[in-house]
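Hi there,

Here is the structure I promised to pass on to you.

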Amino acid sequence: LRFNPITQDRAQPYDLFNLQTTSNISVQSVRVGALPTFDGIEQPMIDIPIEWMGHSLITPSDGLQITEIVIGLMQRLTGPTGDLGPTRKATFCTALFAFEDANLRSSRIVPLLKTIPSSMKFLLLSYDTRSTVKGGLHAYAEASFEQIDALLGASRSATSAAIATLAGQEGLPQVSHSSSSGDLSDISQFPYFARTHPSNTQGASRLANILLDYFNYTRVSIFHVED
């Protein structure tokens with residue numbers, strides 16, 4: 001931070017000690033500690049009000065550089081009986097822990113997290129898709145009022161496809177952890193969609209090879225949905 005709170009001189013470098021923020025991540029002031037003067041006496045730390053909304057890729061004129069990456073989590077957060085069940089609860093908690101590790105640069109699970117520049121901060125905003133197409137569209141509409149940089153989710157393929165159709169028009173990246181429909185592999189229709197889960201086409205092909213070659217099965221029944 002290049003700013004002298006006493007002389008208003010922006011040429012001298014100072015150490016950033018603290019950020020005072022509001023609930024919407026708007027930086028109200030910064031606290032700096034001055035370098036020692038020629039007589040060895042340090043100037044006191046002073047709060048300096050600045051006007052800067054801490055949104056992604058915006059650098060304030062005071063020289064403070066923080067890149068905030070805002071991620072929208074598209075996930076079912078409510079259930080018909082009020083209980084999400086252990087799987088969805090675990091998925092949501094996993095996302096929270098992942099963001100905590102990323103912001104702490106913890107390498108306990110993902111070693112590459114420690115290579116993230118210290119100037120980057122990740123913010124997770126959650127939106128309830130209710131695991132339906134209508135719920136997914138409603139969740140995306142809510143997220144559109146925020147300045148989201150990327151999307152995580154949704155879980156179900158039908159929900160992800162609905163969201164990806166709109167997100168693709170806005171050039172908004174989306175990564176799903178469990179959507180498996182082969183249709184989502186069509187990059188011409190979903191150019192900004194990606195996933196960490198294999199498609200049903202890949203899974204079915206591998207499973208057929210295992211059943212045929214390893215177990216010598218010749219007849220298999222398949223249960224599936226078309227939604």
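Let me start at a loop: Ala154 is found between strand 6 and helix 3 (157-170). Helices (H or I, at least four residues) and strands (E, at least two) are DSSP runs, numbered from the N terminus. The peptide bond that joins Gly153 and Ala154 is cis, with omega at about 0°.

A word on provenance: this is a predicted model, in which local features need pLDDT of at least 70 and side-chain atom pairs count only at pLDDT 80 or more, while totals for chains, interfaces and linings use all residues. Residues are numbered from 1 along each chain as its sequence is written, and side-chain values use heavy atoms, with hydrogens and water left out.

Arg130 is not a glycine, yet has a positive phi of about 60°. Ser131, also not a glycine, has a positive phi of about 60° too. As for cover, Arg130 is partly exposed, with a relative accessible area of 42%, whereas Ser131 is buried at 9%. Buried here means under 20% relative accessible area, exposed over 50%, and partly exposed in between (1.4 Å probe, protein chains only).

Next, the strands. Strand 4 (residues 67-75) is mostly covered, with 8 of its 9 residues buried. Strand 4 pairs with strand 5 (residues 120-128) in the parallel sense over 9 bridges; two strands pair if DSSP finds at least two bridges between them. Within that pairing, Ile69 has Phe122 of strand 5 as its bridge partner. Strand 4 also runs parallel to strand 6 (residues 150-153), and 4 bridges join them. There, Gly72 stands opposite Leu151 of strand 6.

Now the charges. How many salt bridges are there? The count comes to 1, where a salt bridge is a side-chain nitrogen of Lys or Arg within 4 Å of a carboxyl oxygen of Asp or Glu. The side chains of Asp101 and Arg108 form it, at 3.1 Å from N to O. Asp101 is buried, with a relative accessible area of 7%, while Arg108 is exposed at 58%.

Arg105 is buried yet has no salt bridge, and the nearest side chain of opposite charge, Asp101, is 10 Å away. (Lys and Arg count as positive and Asp and Glu as negative; His and the chain ends are not counted.) What does the side chain of Arg105 reach at 2.6 Å? The backbone oxygen of Ala102. A polar atom of the Arg105 side chain also lies 3.3 Å from the backbone oxygen of Asn103.

Finally, the surface. Ile210, Tyr214, Phe215, Tyr217, Val220 and Ile222 make a nonpolar patch of about 690 Å². Patches are made of residues with over 30% relative accessible area and no salt bridge, with like charges joined within 9 Å and nonpolar side chains (Val, Leu, Ile, Met, Phe, Trp, Tyr) within 5 Å. Areas come from the Shrake-Rupley method with a 1.4 Å probe; for residues, only the protein chains shown count as cover. Tyr217 lies in the segment after helix 4 (200-213) and counts as partly exposed at 43% relative accessibility.

Best wishes

Conventions: Lys, Arg positive; Asp, Glu negative; His and termini not counted. Polar contact = N/O pair within 3.5 Å; in protein donor to acceptor, adjacent residues only side chain to side chain.
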